[in-house]
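Reader: I would like to learn how to read a model of this kind with some care. Could you take me through it feature by feature?

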Amino acid sequence: MRTRVTRRRAARLTVALITATSLILAGCSDDSSKAKPGGAANSSITIFNGANGTIVENWNPFSPTFLQPTEGLIYETLYYFNLAAEAAPRPMLATATSWSPDGKQLTITTREGVRWSDGQPFTAKDVAFTFDLIRRTPAINATAIKIVSSVATDDKTVVLTFPKPSYTEEPSLIGYTPIIAEHVWKGIADPAKSINQNPVGTGPYKLKTFSSQSYVMEKNAAYWQPGKPQIQTVRYISLATADAASAAFIAGQIDWMSSFLPGLDQLLKNHKNLTYVNTPALTASIFTCADAGLGCSGAQTDPAVRQAMYYAINRDQLNKLAGGGFAVPASPTLLLPDRDKKWITDSSLVTVPGGADPAKANQILDQAGWAKGGDGIRAKDGKRLSLTIQTVTGWSDFISLNDAMKQEFKEIGIELKPTQVSWNEWNNNQVQGKYQLSLDSIGLGPSSNPFYTYNLKYSSATTAKVGESAGSNGNYARYRNATVDKAIATAAATNDENIQKQQYAIIQTEIAKDLPYIPIYVNSLLTEFNTDRATGWPSNDNKYALPASWKVWDNGIVLANLKAK
Amino acid sequence: MTLTTQAADPADTGATLAEPSRRRRSLPPMSTKLAIGLTLGGLILLFGLLGPYVTQDPSLVHDYGLTGPSGSHWLGTTQTGQDVLAQLAHATRGSLTVGAIVGVLTLLLSAFFGVVGAYAGGWVDEVFSLFTNVMLVIPGLPLVIVISSYVPDKSLWLVALVLSITGWAGSARVLRGYTLSLRNRDYVIASRVAGEKRWRILTVEILPNLIPLLASQVVFAVIFAILGEAGLSYLGLGASGSFTWGTMLYYAQNGLALRLGAWWWFVPPGLMLALFGAALSLINFSIDEIINPKLRNQTRAARRGWRMSRQQLAKAKEAGL
Amino acid sequence: MRHLFRKIGFYLVALWAAVTVNFIIPRLMPGDPVDILLSKLGQRGPVTPETRKSIEALLGAGTHQPLWSQYTEYLHNLVTGDLGVSVTFFPAPVTSIIEQTLPWTIGLIGLATLISFVVGVGLGTLAGWKRGSWLDNLIPVTTMFQSVPYFWLALILLFALGSIWPVFPLNGGYDVYSVTPGWNGAFLRSVVYYGTLPALTIILSSVGGWMLGMRNMMVSTLSEDYLLTAEAKGLRPGRVMLRYAARNAVLPSISGFAISLGFVVAGSIVTEAVFSYPGIGSALLQAVSGNDYALMQGIFLVITLSVLGANLLVDLLYSVIDPRTRTRG
């Protein structure tokens with residue numbers, strides 16, 4: 001594509017245009033660079049994980065600003081939780097776990113034959129040290145796990161003791177805690193602030209070179225999974241915009257990235273080597289400030305209004321206009337209909353309706369006493385049914401959602417006023433409860449057990465009065481329901497899935513009626529691949545990991561699984 | 001502060017040293033440049049004023065997205081099927097509103113702090129000048145975010161206000177420099193010696209000479225405001241709820257319009273911006289010629305021949321008065 | 001001499017005022033850095049409500065100092081060159097981020113401004129010398145480029161010369177795939193090659209202004225009596241153009257140049273966003289979106305210092321060029 005001749009000509013053009021001597025050098029740029037030879041011997045791929053601007057070195061997995069490959073490529077966990085599918089946790093550095101009957105003691109059997117990237121053997125002592133360091137250092141205890149003790153009873157057994165039954169902590173303990181090397185970290189004075197310049201991990205890759213615009217990871221030759229990884233080096237780059245990313249991807253400079261690119265099929269039309277996978281995972285929803293008792297104001301505090309909106313949304317149209325046709329139906333239970341089938345008891349609550357049902361919406365509003373006024377907008381007690389919905393400046397698909405819903409709601413007599421604010425302000429409004437409606441997504445929990453979504457989003461423990469901060473990613477809707485609270489508490493106290501399922505059924509009935517979060521659809525999660533240099537990417541037939549290039553942990557699984565071409 | 005790399009236009013500084021002739025208030029001579037500039041500017045203004053009344057609702061979405069120009073949509077549609085022509089009409093109105101607000105505010109602020117300060121002299125000048133310099137160095141970008149955080153919906157007015165607050169200082173500096181050199185002119189000193197009142201000297205002797213310079217400063221302020229707004233919008237910090245050329249470009253860029261070949265979405269707002277800017281520049285050329293009579297159509301070749309046409313003679317006479 | 005001291009004192013006061021404003025602005029911004037970091041963290045993976053405590057412990061936030069003591073501490077730190085620790089790039093100090101990014105911005109935008117100035121003034125001189133020539137008539141066209149929104153022009157050029165005809169690279173400051181940063185020929189060549197298109201767009205959109213200003217000053221200067229004298233003496237035209245006319249006409253442009261140098265840092269934001277260039281402008285955008293007070297203040301300080309420095313230079317130049325502005329009534 002890029003030949004020496006064309007580049008020379010460009011350089012000459014430059015010189016003629018601006019007669020600047022300093023730019024003459026442009027003609028001499030060496031060209032051998034762009035040729036990336038295939039084959040396993042020196043296979044290399046490039047990843048764009050959403051980084052923009054300058055990159056600052058930080059390989060400390062306990063720091064909030066570590067670079068993404070730290071978790072997954074360098075450090076590993078005891079188990080891997082695949083959130084893309086309903087699957088049992090996959091053993092990584094551990095081979096078995098068991099709880100004591102009272103739920104206060106977790107015994108972990110660690111894997112044998114694993115070595116750190118500096119050659120030292122990995123043992124249960126490293127695991128015990130990791131949890132003990134977290135116990136001793138509040139600043140790195142991100143999940144605030146209360147641990148009484150962490151002891152290695154022999155070279156392959158660790159026993160963790162907790163002050164109370166802690167079944168629900170299991171995923172974050174075994175699936176999200178990076179296991180570090182005792183011989184390295186015992187010498188680090190402040191584990192929260194170190195940038196861990198020469199990371200030593202057990203993962204498939206180790207750091208090769210770093211610069212503020214790009215860094216390269218190289219294969220860990222002594223990786224414990226035989227024959228993996230195949231790709232020799234992995235490069236991460238930084239780009240400012242989705243446009244820049246799409247340009248680089250089409251030019252073949254990026255092998256793996258996850259950006260929502262409008263018109264994706266059209267963009268990739270003439271490029272056989274470029275492909276993508278869509279793994280919808282996040283439920284786009286209208287968050288409502290639901291409880292007037294906690295200080296919420298506006299018509300959305302009336303459950304009838306929320307139900308009417310639920311039925312007035314034409315999700316098929318929204319998917320076409322804003323979702324690029326890539327979104328899939330959501331569930332009124334706020335779970336993922338496909339992955340979480342086994343957790344949804346009531347079959348009528350599996351998916352949301354596709355088309356709009358204005359008749360039903362009108363009926364609900366009429367019954368609740370909202371009468372249509374002269375301007376076509378309903379009113380009750382002299383108050384017009386007018387609601388403000390906030391979204392973030394630049395989130396173009398959400399802005400399109402608002403534009404379309406404005407029209408859809410008008411038909412049933414609800415006036416929707418979209419506003420766009422900065423991300424900080426939007427987030428702040430949600431945390432503080434200072435909004436009427438807000439577009440956001442329901443994130444993924446640490447495992448596919450619905451407990452994590454329900455506990456965060458619907459428990460009155462994670463909410464606060466309007467004006468006070470709710471828990472992070474917590475109950476921003478200010479939803480309070482004693483029945484739900486009780487069911488969550490019951491489910492937390494057991495690890496019997498059948499009991500949990502009964503409790504979740506209670507929660508699902510309540511929230512599908514109250515709708516503090518009005519589900520729209522499960523948004524697309526598009527990941528683009530270049531199959532020129534590597535194959536074996538996750539696909540919809542083989543969802544062995546969440547393919548998103550920005551996802552920690554999963555990226556290590558994907559990279560270890562790739563085949564060089 | 002504008003987001004363009006060009007901070008102060010050299011044309012302004014160039015004008016600073018030009019000899020002003022006293023109390024000359026003639027209208028600019030009608031040249032081709034001026035005629036083109038006025039026509040172009042007028043047409044765009046008209047489009048912005050009347051366009052929104054005859055086009056469709058710019059936010060109305062349709063089930064078909066990204067279609068090229070056709071009978072029902074003269075300039076095609078956006079990703080969500082919104083009519084580009086309707087958006088362009090509303091955007092023109094929005095951008096012109098920003099330009100107008102900033103123009104007026106810049107005029108008032110820069111005239112007050114530049115002219116009054118320089119004329120009064122002493123500590124007033126020191127304080128005004130200090131204030132001007134401080135305003136010159138405040139980064140406008142974060143100021144936009146700060147101010148908008150107090151208003152839930154960032155309106156056009158707000159963005160215009162911020163652009164004026166961060167943009168007038170440059171003009172004030174230019175005006176101050178010019179006023180400083182005016183107030184030491186013989187005729188000003190003469191009227192002071194003659195015992196004229198200070199405000200009278202300012203309004204009668206100094207201001208009329210400043211009018212062309214003020215006009216050119218306003219024209220530049222309008223150009224930079226519209227460009228500045230577009231720049232802010234491109235970074236996602238513009239007037240979010242309303243239509244301007246900048247926000248249109250922002251959405252087009254976000255929708256990868258250029259890469260998907262949707263030129264009808266990406267090109268028109270930029271072109272409108274360029275055309276309007278060009279129109280104002282052409283008008284400014286004519287204003288420059290008033291500020292600086294030497295720029296008028298007398299060429300060196302003509303002068304080298306030591307010949308003067310009747311017209312030029314008359315002009316020279318007029319200038320000498 | 002007294003005049004000089006007055007000026008410098010004046011600028012010190014301006015510096016203090018600007019620094020104080022820089023202190024206040026970030027503190028008026030919405031959102032708490034802890035909340036923002038938490039929510040960003042939440043986008044990457046699951047976090048529990050308790051994470052807040054660990055982040056607070058990490059940032060040393062939560063201890064609510066009175067504003068006044070924050071201010072005195074801030075001034076003290078500024079004087080000692082300690083700009084604090086960035087939240088976005090925790091635990092990297094702000095100075096190291098500025099160190100990393102500023103050279104790119106100065107290298108690209110500073111150099112482009114310089115080239116634009118030299119080319120613009122050169123062409124302006126010729127246009128003013130030969131009024132009515134084709135070059136002179138070109139001026140309205142070049143000014144038109146100035147009214148084109150910079151990013152629009154840049155995006156179109158990038159699309160045309162980067163994607164359709166891949167003549168120039170698409171993004172970045174150098175070829176990250178094959179070149180190691182450092183003082184080696186391959187790296188420097190790569191930097192120049194990657195900087196060419198961004199520089200070109202800056203020059204294209206700013207050269208018109210310099211050209212017009214210089215041309216107008218040339219025309220004014222050419223009607224001065226001393227030029228008539230020079231011509232009457234029979235000096236060579238080239239000498240008259242350069243030594244007599246251009247030398248005097250260029251002075252206001254030089255002061256304009258000093259001012260525009262002050263805006264190099266501030267003006268870099270859009271350029272760097274279009275070309276994914278690794279300069280200080282993109283760092284500022286990141287700081288703003290992350291409510292990173294310390295980093296914002298550090299970058300504002302760089303902007304403030306460069307603008308004030310440039311203005312001081314202009315003021316000093318002006319008293320040399322035009323003695324009338326120096327004398328005070």
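Author: Let us start with burial, where a residue counts as buried if 20 or more other C-beta atoms, placed from the backbone, lie within 10 Å of its own; in chain B, buried residues make up 57% of the 321 residues. This is a predicted model, in which local features need pLDDT of at least 70, side-chain atom pairs count only at pLDDT 80 or more, and totals for chains, interfaces and linings use all residues. Residues are numbered from 1 along each chain as its sequence is written, while chains are lettered from A and ligands numbered from 1 in the order in which they are written.

Reader: What does the secondary structure of chain B come to?

Author: Helices (H or I, at least four residues) and strands (E, at least two) are DSSP runs, numbered from the N terminus, and chain B has 12 helices and zero strands.

Reader: How many residues of chain B are in contact with chain A?

Author: Contact requires that the C-beta atoms of two residues, placed from the backbone, lie within 7 Å; by that criterion, 21 residues of chain B are in contact with 23 residues of chain A. On the chain B side, the largest share, three residues, comes from helix α9 (residues 245-254) of chain B.

Reader: Where is confidence lowest and where is it highest in chain C?

Author: Confidence is read from pLDDT, the predictor's confidence in each residue, from 0 to 100. In chain C it is lowest in helix α2 (residues 33-44) of chain C, at a mean of 60, and highest in helix α5 (residues 94-129) of chain C, at 89, while the mean for chain C is 79, with 83% of its residues reaching 70 or more.

Definitions and conventions:
Buried ≥ 20, exposed ≤ 12 C-beta atoms within 10 Å, placed from the backbone.
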